[in-house]
Amino acid sequence: MIIYRSQDIRDWDAFTISREPVASVDLMERAAQALSTWVTSHFSNEVPVVFFCGKGNNGGDGLALARLLHGKGYACTIIIVGTQ
């Protein structure tokens, strides 16, 4: 498993947004949809899912994914971290 630095991900997002006519929120939705497809092909909706989401864009990716999976019958728990 590879874990990327948050700066690398921000750089990739900025690169994609500058090269394609895609808004940041649409890029987030695209990522969530791709992950939703992967999760649903590997795990049944009987498996509960826990999301730890920060307050940045990656947290938004997690929230979007949780929304999609919840709509497909997955039991989703969301924990927002890093807020005061």
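This is a predicted model: local features need pLDDT of at least 70, side-chain atom pairs count only at pLDDT 80 or more; totals for chains, interfaces and linings use all residues.
Trainee: How many helices and strands does the protein have?

Mentor: Helices (H or I, at least four residues) and strands (E, at least two) are DSSP runs, numbered from the N terminus. Here there are 3 helices and 2 strands, in the order α-α-β-α-β along the sequence. The C-alpha trace spans about 40 × 30 × 25 Å along the principal axes.

Trainee: What share of the residues counts as buried?

Mentor: Buried means under 20% relative accessible area, exposed over 50%, and partly exposed in between, using a 1.4 Å probe and protein chains only. Of the 84 residues, 23% count as buried.

Trainee: Among contacts between residues at least 6 apart in sequence, what percentage joins residues at least 24 apart?

Mentor: Contact means heavy atoms within 4.5 Å. In this protein the figure is 70%.

Trainee: How does the span of α2 agree with its number of residues?

Mentor: The expected span of a helix is 1.5 Å times one less than its number of residues. The 19 residues of α2 should therefore span 27 Å, and its end C-alpha atoms are 27 Å apart, in agreement.

Trainee: Which residues of α2 are buried, and what covers them?

Mentor: As a general idea, an α-helix has 3.6 residues a turn, so residues three or four places apart point the same way. In α2 the buried residues are Leu27, Met28, Ala32, Ser36 and Val39. Their cover includes α1 and α3.

Trainee: Take serine 36 as a case. Which residues is serine 36 in contact with, leaving aside neighbours within four places in sequence?

Mentor: Serine 36 lies in helix α2 and counts as buried because its relative accessibility is 0%. Beyond those neighbours, its contacts are Leu65, Leu68, Leu69 and Lys72.

Trainee: Is threonine 37 buried or partly exposed?

Mentor: Threonine 37 is also found in helix α2, but with a relative accessible area of 47% it is partly exposed. Its C-alpha atom is 9.6 Å from that of leucine 68, a residue 31 places away in sequence.

Trainee: Where is glycine 56?

Mentor: Glycine 56 sits in the loop between β1 and α3. Its relative accessibility is 42%, so glycine 56 counts as partly exposed. Glycine 56 and serine 6 are 50 residues apart along the chain, and their C-alpha atoms are separated by 9.9 Å.

Trainee: How many salt bridges are found?

Mentor: A salt bridge is a side-chain nitrogen of Lys or Arg within 4 Å of a carboxyl oxygen of Asp or Glu. A search of the whole structure gives 3. One of the pairs is arginine 5 with aspartate 8, at 2.8 Å from N to O; arginine 5 is exposed, at 55% relative accessibility.

Trainee: What parts does the pair of arginine 30 and glutamate 20 tie together?

Mentor: In this salt bridge the closest N and O atoms are 3.0 Å apart. Arginine 30 lies in helix α2 and glutamate 20 in the loop between α1 and α2, so the pair ties together parts that are 10 residues apart in sequence. Arginine 30 is partly exposed at 40%, and glutamate 20 is partly exposed at 35%.

Trainee: And how far apart are N and O in the salt bridge of arginine 67 and glutamate 29?

Mentor: The N to O distance is 2.5 Å. Arginine 67 is in helix α3 and glutamate 29 in helix α2, so this pair ties together parts that are 38 residues apart in sequence. Arginine 67 is partly exposed at 45%, as is glutamate 29 at 30%.

Trainee: What is the volume of the largest pocket?

Mentor: On a 1 Å grid over the protein atoms alone, a cavity is a set of points where a 1.4 Å probe fits but cannot get out, and a pocket is an open set with protein on both sides within 12 Å along at least five of seven lines; lining residues have an atom within 4 Å of a point. Grid points are joined across faces, edges and corners, and a volume is the space filled by probe spheres set on the points. The largest pocket has about 1,000 Å³.

Trainee: Which residues lie nearest its centre?

Mentor: Of the 36 lining residues, Ile9, Ala31, Leu35, Asn58 and Asp61 lie nearest the centre. The elements giving two or more residues to the lining are α1 (6-19), α2 (24-42), β1 (49-53) and α3 (57-71). The largest share, 8 residues, comes from α2.

Trainee: How does the lining divide into nonpolar, polar and charged residues?

Mentor: Ala, Val, Leu, Ile, Met, Phe, Trp, Tyr, Cys and Pro count as nonpolar, Asp, Glu, Lys and Arg as charged, and the others, Gly among them, as polar. The lining has 23 nonpolar, 8 polar and 5 charged residues.

Definitions and conventions:
Residues are numbered from 1 along each chain as its sequence is written. Side-chain values use heavy atoms; hydrogens and water are left out.
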